[in-house]
Amino acid sequence: MKPIMDYLRLLLFICGVLIGIQVPAFVEQYGQSLAAHTSEAKMALAQFQRDADRFFDGDLAALIAHYRQNPDSVINAGAQSIESLHERYQLLDDALQRFNQSSYSGFQQLAFAPLEDVRSEVWQHFSHNIMLDGRAIAIGLILGLLISIFCELLLRGCVGLYAAGCRLLMPKKVKS
């Protein structure tokens, strides 16, 4: 039984390492997708920004206010569209700046405050590849170790509970 448990531990460790070395690739693809979405949002907003530069000294908020004040309902509704584009661009640009702050800020953002739509899109189209750089190896080894330890503790806890339950259910021998 012990050799089987040793192989199981080894298998769990290897699975953890393989999962862990995928993390930097996922983070990189998330960053690329975030940059692409930011660029796309900027391009969508560019024509309105040119109008704001031309007529309102670059103040996009003034352009939106002008659209809102227009009695034509179509132009008035356009203010909401421009404002939505501007808010989306600001959200993406802020996320991209936070992502690029340091070499580990992308990992931090993805773990604690990702843009859900971008993360879901990357997850759906994620191409599993192996980036064997220092970060990938470190994350892989740490994750492999943590998964192995967690499963070992979980298994020992279950065995301990089972043994305790068996002792409670077994009738005690009466001394004669």
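Predicted model: local features only at pLDDT ≥ 70, side-chain atom pairs only at ≥ 80, totals over all residues.
The secondary structure of the chain comprises seven helices and zero strands, so that the order of elements from the N terminus reads α-α-α-α-α-α-α. The radius of gyration is 28 Å, well over the 16 Å that the globule rule gives for 176 residues, and the chain is therefore more spread out than a compact globule. The C-alpha trace spans about 100 × 45 × 25 Å along its principal axes.

Of the 176 residues in the chain, 27% are buried. The accessible surface amounts to about 12,300 Å², and carbon and sulfur atoms contribute 65% of this area. Among contacts with a separation of 6 or more, 73% join residues 24 or more positions apart.

At the level of individual residues, Ser-148 belongs to helix α7, which covers residues 134-169. Ser-148 has a relative accessibility of 12% and counts as buried because this value falls under the 20% cut-off. When neighbours within four places in sequence are left aside, the contacts of Ser-148 are with Arg-9, Leu-12 and Phe-13. For Phe-13, a polar atom of the Ser-148 side chain lies 3.2 Å from the backbone nitrogen.

Methods:
Residues numbered from 1 in each chain as written. Heavy atoms only, no water. Helix = DSSP H or I, 4+ residues; strand = E, 2+ residues; numbered from the N terminus. Rg over C-alpha atoms; globule rule 2.2 N^0.38 Å. Buried < 20%, exposed > 50% of the residue type's maximum accessible area, 1.4 Å probe, protein only. Contact = heavy atoms within 4.5 Å. Areas by Shrake-Rupley, 256 points an atom, 1.4 Å probe, with all protein chains shown as cover. Polar contact = N/O pair within 3.5 Å; in protein donor to acceptor, adjacent residues only side chain to side chain.
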